[in-house]
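Hello,

Please find the structure for your review just below. My notes on it follow.

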Amino acid sequence: MPRRALAAAVVALVLPLSACGSGGDDSGSTDASGKVEGDITFQTWNLRANFKPYFEGLVADFEKKYPGTNVKWVDQPAEGYADKISADAAGGTLPDVVNVSPDLVAPLAKAGLALDLDKAAAKYKKEYLPGAWASHEIPGMEGTYAFPWYLNTGPLFYNKSLFEEAGLDAAKPPKTYDELFDDALELADKSDGKVATLANVPTIEDFGRYGVELMNNEGTAFAFNDVKGVELLTEYKKLYDAKALDSQALTATPESSGKKFLTGAVAMNPGSALDLGNFKKQAPNLYKNIGITDQITSTGKVNMYVMGVMVNARTKQKPAAVAFAHFVTDAQNQMSFAKKVAIFPSTAGSLDDPYFTEEDGTDETRVRIAAAKSLKNAVNYTPVLFSEQMKTELRNSVAKALQGKVSPKEALDNAVKACDRLLQQQG
């Protein structure tokens with residue numbers, strides 16, 4: 001399912017490519033002009049089980065549009081996808097068109113295996129949302145290395161009755177981090193520490209949404225230990241001390257945070273349309289009092305997760321590979337896919353479709369509309385070079401700061417040092 005694929009996508013995996021850092025395109029050209037013909041292979045990520053008819057139809061439509069083309073569709077399981085790409089890249093067997101996430105593109109681009117679409121397909125750039133197109137740029141490199149495909153994000157749920165009991169205006173939930181911190185301290189104070197506003201510690205996306213510069217422009221070092229980063233962690237420490245951040249936040253999982261929200265121990269929690277159905281069944285009182293708002297952000301832009309479609313720079317059929325990657329991600333085909341599953345198109349204008357703007361009284365539509373509205377200018381805050389190990393380093397450092405073992409400044413200095421060391425190992 002795409003949701004599983006998307007969850008895997010945000011787990012940044014480093015590909016140990018033997019060619020890492022070689023750069024350049026073996027075929028010596030980013031020219032994708034010429035007749036669209038020949039045999040190409042298209043690889044997806046864990047999509048065959050649920051969407052076989054959709055992709056078979058997509059391939060048939062493309063082959064009809066371009067007689068003389070033949071597309072072989074292969075699908076790989078979610079588990080081990082990064083390893084499979086790594087092995088194919090090292091062995092010279094990478095498919096012509098590959099379903100990727102930004103973190104998977106980075107090592108391939110560095111190895112000269114991802115086609116630069118700013119050169120090969122610049123004419124299509126305007127068809128996509130600017131934030132989506134930019135999500136496959138690699139720090140320290142010129143270019144864009146995959147077509148943006150489907151997007152995902154989620155709104156924030158809040159418990160209106162808990163806000164009202166604390167004397168806060170439930171019709172005006174916090175929008176920025178400053179408002180969030182003020183409301184959270186008020187909620188904790190009025191409930192004698194029984195109601196926390198948040199159940200999770202800050203992640204790299206929180207630092208991004210707060211307006212922290214996460215990396216230098218060259219992509220050679222992290223920068224989230226700057227004054228603004230320290231300021232954010234200092235505020236979270238205040239929340240933790242006041243019990244406005246749940247006491248078990250240091251070990252929280254999405255499931256445990258969801259349960260806290262369900263029982264009224266936490267006032268705000270991210271979620272999806274699936275959660276609304278759950279509230280309806282398990283917590284009817286919460287469901288009656290549910291508020292839906294945008295993610296908290298001090299930049300005016302929410303976070304999104306993005307999937308992409310990359311063209312192998314060494315494909316022998318560049319015109320066909322680029323044409324097919326564009327076809328998969330064009331507005332018509334993205335819209336068709338979005339209606340089959342809870343994802344969002346990355347094409348400009350698609351989010352203005354009635355499907356994403358008009359209420360029909362269902363919970364699913366209510367959440368879809370809220371999420372779609374926020375996606376128009378969303379960005380992928382997770383740096384493409386930020387690996388799973390780096391996320392662990394940041395989380396551990398944040399935990400030490402919240403527990404008072406080190407200062408927020410020292411915690412972030414340590415995290416940046418550890419992440420920079422891991423970055424150097426990426427090659």
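First, the term behind every element label: helices (H or I, at least four residues) and strands (E, at least two) are DSSP runs, numbered from the N terminus. The model is predicted, so local features need pLDDT of at least 70, side-chain atom pairs count only at pLDDT 80 or more, and totals for chains, interfaces and linings use all residues. Residues are numbered from 1 along each chain as its sequence is written, and side-chain values use heavy atoms, with hydrogens and water left out.

Positive phi

Lys243 sits in the loop between H10 and H11. Its phi is positive, near 65 degrees, and Lys243 is not a glycine. Most residues other than glycine have a negative phi. Lys243 counts as exposed, at 52% relative accessibility. The cut-offs: buried is under 20% relative accessible area, exposed is over 50%, and partly exposed is in between (1.4 Å probe, protein chains only). Asp192 is another non-glycine residue with a positive phi, about 55 degrees. Asp192 lies in the loop between H8 and helix H9 (204–210). Asp192 is exposed because its relative accessibility is 67%. Gly112, which follows H4, has a positive phi near 75 degrees.

Salt bridges

The whole structure holds eleven salt bridges. The criterion is a side-chain nitrogen of Lys or Arg within 4 Å of a carboxyl oxygen of Asp or Glu. Three of them are described here.

- Asp246 and Lys260 pair at 3.4 Å, N to O. Asp246 is in the loop between H10 and helix H11 (254–262) and Lys260 is in helix H11, so the bridge ties together parts 14 residues apart in sequence. Asp246 is buried at 9%, while Lys260 is partly exposed at 22%.
- Asp241 and Lys237 have their closest N and O atoms 2.9 Å apart. They are separated by about one helical turn, because they lie four residues apart in helix H10. Asp241 is exposed at 52%.
- Lys84 and Asp88 meet at 3.3 Å, N to O. Both lie in helix H3 (residues 81–91), four residues apart, which is about one turn of the helix. Lys84 is partly exposed, with a relative accessible area of 31%. Asp88 is buried, at 8%.

Negative patch

Asp178, Glu179, Asp182 and Glu231 form a patch of negative charge on the surface. Patch residues have over 30% relative accessible area and no salt bridge; like charges are joined within 9 Å, nonpolar side chains (Val, Leu, Ile, Met, Phe, Trp, Tyr) within 5 Å. Areas come from the Shrake-Rupley method with a 1.4 Å probe, and for residues only the protein chains shown count as cover. Asp and Glu count as negative, Lys and Arg as positive; His and the chain ends are not counted. Each charge is placed at NZ of Lys, CZ of Arg, CG of Asp or CD of Glu. Helix H8 (residues 177–190) gives the largest share, three residues. Glu231 belongs to helix H10 (residues 227–241). Glu231 is partly exposed, at 36%.

Buried parts

Helix H4 (residues 102–110) has nine of its nine residues buried, so it is largely enclosed by the rest of the structure. Among them are Asp103 and Lys110.

Ala283 lies in the loop between helix H12 (273–282) and helix H13 (284–288). Ala283 is buried, at 11% relative accessibility. Leaving out residues up to four places away in sequence, Ala283 touches Leu262 and Asn278; contact means heavy atoms within 4.5 Å.

Regards
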